[in-house]
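Please read them alongside the coordinates.

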Amino acid sequence: AQVRSYYLSVPPRYTGQRRVPLLVDLHGQGSNAQQQILLTRMRDQAGARGWLVATPEAGRVSWRFPPDSDVGPASLVDVAFLRALIADVGRRLCVDEGRVFASGITMGAGLAAALSCDDDQPFAAVAPVAGVNTVPPCPGRPPVAVVAVHGTVDRNVPYRASPWYDAVGRRMRDWADRNGCTSDPV
């Protein structure tokens, strides 16, 4: 069995007296949790706002997506690990279950977006960075807020359509449709 781990950042003023948001911050392909912590500075930014941040380790080169994804090999193991991580943090600390968020970069971004399809662990919002176009946004599922960040000159996960990924604009229109938006994404 594979041993999986995560880093947990608790805000300096955390007292356990009130429920606080939890952000799950997912590293990209070829990276790791420690590099993600340094890259995003999410622990500092979220901590200053009173949020908990869990930064998990994929335990291999990258994350894999749930089976309803049309990208790459599927892994229920990653989804189960992240559910267990959230449950573990919830047992240890006072988490606001209505304010659990997922963010990530590249393949971590794809997994963050794919997690919005998980009926067993609803996320209040997802924030994929350089990877919103790596997975479809699960049409027909309940709305989930999405903030996507993507550069137009990204060579790893291109903004325009490629042989591997849909164009970011198309994926954002899919998100708008899923969420019942009546205007185009901005």
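1. L22 touches L52, V53, A54, I86, V89, V95, R99, V100 and F101, leaving aside residues up to four places away in sequence; contact here means heavy atoms within 4.5 Å. The model is predicted: local features need pLDDT of at least 70, side-chain atom pairs count only at pLDDT 80 or more, and totals for chains, interfaces and linings use all residues. Residues are numbered from 1 along each chain as its sequence is written, and side-chain values use heavy atoms, with hydrogens and water left out.

2. L22 is also among the residues with the most contacts inside the largest nonpolar core, together with L26, L82, L85, L115 and W175. That core has 32 residues. A nonpolar core is a set of buried Ala, Val, Leu, Ile, Met, Phe, Trp, Tyr and Cys residues joined through side-chain atoms within 4.5 Å, where buried is under 20% relative accessible area, exposed over 50% and partly exposed in between (1.4 Å probe, protein chains only).

3. At least two core residues come from each of β2, β3, α3 (76–92), β4, α4 and α5 (168–178). Helix α3 gives the most, with six residues. Helices (H or I, at least four residues) and strands (E, at least two) are DSSP runs, numbered from the N terminus.

4. The six strands form an open sheet with mixed pairing, in the order β1-β3-β2-β4-β5-β6; two strands pair if DSSP finds at least two bridges between them. β1 (6–9) and β6 (145–146) are the edge strands, each pairing on one side only. Four antiparallel bridges link β1 to β3 (residues 52–56), and Y7 has T55 as its bridge partner in β3.

5. Helix α1 (residues 33–40) packs on the sheet, touching β1, β2 (20–26), β3 and β4 (95–105), and its direction makes about 135° with that of β3. Helix α4 (residues 107–115) lies across β2, β4 and β5 (125–129), at about 145° to β4. Axes are lines fitted to C-alpha atoms, for helices over the stretch in contact, and angles run from 0 to 180 degrees between N-to-C directions.

6. The count of aromatic pairs is one. The ring centres of W51 and F101 are 4.9 Å apart and the planes are at 20°, so the pair is stacked (centres within 6.5 Å; planes under 30 degrees apart are stacked, over 60 edge-to-face, the rest tilted; for Trp the six-membered ring is used). W51 is partly exposed at 24% relative accessible area, whereas F101 is buried at 15%.
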